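Hi,

Here is the model I promised to pass on to you. Have a look at it first, and then read my notes below.

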Amino acid sequence: MLKFILVASIVILFLIFSIPILIVEKYVGKKNPEKKNRQSLAIVRFMFRLILKVAGIHITVRGIENIPEEGPALYVGNHRSYFDILVGYTTVPSSLGFMAKKEMEKIPLLSNWMRNVNCLFLDRENVREGLKTIMDGVDKVKSGTSVWIFPEGTRNDAGNYLDLMPFKEGSLKIAEKTGCPVVPVAITGTAESFEDHYPKIRSSQVTIEFGKPFIIPARAPRKAENGTKAAAKEARAQTEAEGREAGEAPLSQAGQAEVPAKRAVRTLSAEEKKFAGAYTRDVILDMLLKEKRLREGK
């Protein structure tokens, strides 16, 4: 319980004593929104790193070379823990915002900081409001800010982290409408730190892996649905083959491993576009399976 008390105290004290900072940032944003965004992200990332350290969470990052060097991206990941957000913010170096549930907007001070670091609040019950939020996400990407979504729609508390829920329809709309690359993300170990034995927080080894990015074409002709599953397997096999040819280069946060050259971003075909959500889910599941084998020593 000691770690939980320490983490909760850090969060509460930060929210209270950061009120003057929020006021200053509000005025900074009126004159220089970019500066406000940069400063707010730096503050929040510092606090997140502190919380992760106190919680005893050690992070290994794989596939860092798959993060686009320039321009925003849509990060699509599995969701097992509240710590997923902290891990995401502290591993992606560029400007980033998360898609959060609408209920979070009602929490005072926390919601203010969430807005300052580009978070969007999605109403899962109201289709019209949900679409409006998606369009806000499109605007974020067009302005140069990456967006991170959890397409399962909520935190997955299944006993087996390989049991991914179906991805919500329209979860990749931001990428379709902007042409930004989609980066699949697989996170393991966060639930073991907190959710698996709430309210205790225990030290945990967390792995985050960024998959190979791809682009969903904005427009594509409709074709017959026959052969969709076969095409999905073929596309995934092609991606895995490309990875074997290029070689893997795991990189821990504290490590100094050499990062290989960036790979070219592939564009999904018109046929692949129709099952882009399922394709992304399969890529994430493949990364989770690989991590499971590594942890089991197989």
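Arginine 115 is partly exposed, with a relative accessible area of 40% (buried means under 20% relative accessible area, exposed over 50%, partly exposed in between, with a 1.4 Å probe and protein chains only). Arginine 115 forms a salt bridge with glutamate 105, and their closest N and O atoms are 3.4 Å apart; a salt bridge here is a side-chain nitrogen of Lys or Arg within 4 Å of a carboxyl oxygen of Asp or Glu. Since arginine 115 sits in helix H5 (residues 110-116) and glutamate 105 in the loop between strand S3 (96-101) and H5, the pair ties together parts that are 10 residues apart in sequence. Helices (H or I, at least four residues) and strands (E, at least two) are DSSP runs, numbered from the N terminus. Glutamate 105 is also partly exposed, at 26%.

Please keep in mind that this is a predicted model: local features need pLDDT of at least 70, side-chain atom pairs count only at pLDDT 80 or more, and totals for chains, interfaces and linings use all residues. Residues are numbered from 1 along each chain as its sequence is written, and side-chain values use heavy atoms, with hydrogens and water left out.

The mean pLDDT of the chain is 85, with 84% of its residues at 70 or more (pLDDT is the predictor's confidence in each residue, from 0 to 100).

Glutamate 209 and lysine 290 meet in one of them, at 2.8 Å from N to O. That pair links distant parts of the chain, 81 residues apart, with glutamate 209 in strand S7 and lysine 290 in helix H10 (residues 276-296). Glutamate 209 is buried, at 7% relative accessible area, while lysine 290 counts as partly exposed at 29%. Salt bridges with shared partners also join Arg62, Glu291 and Arg295 into one network.

Which residues does serine 204 touch, not counting those up to four places away in sequence? They are Gly56, Ile57, His58, Gly189, Glu192 and Ser193, where contact means heavy atoms within 4.5 Å. Serine 204 lies in strand S7 (residues 204-210) and is buried, with a relative accessible area of 9%.
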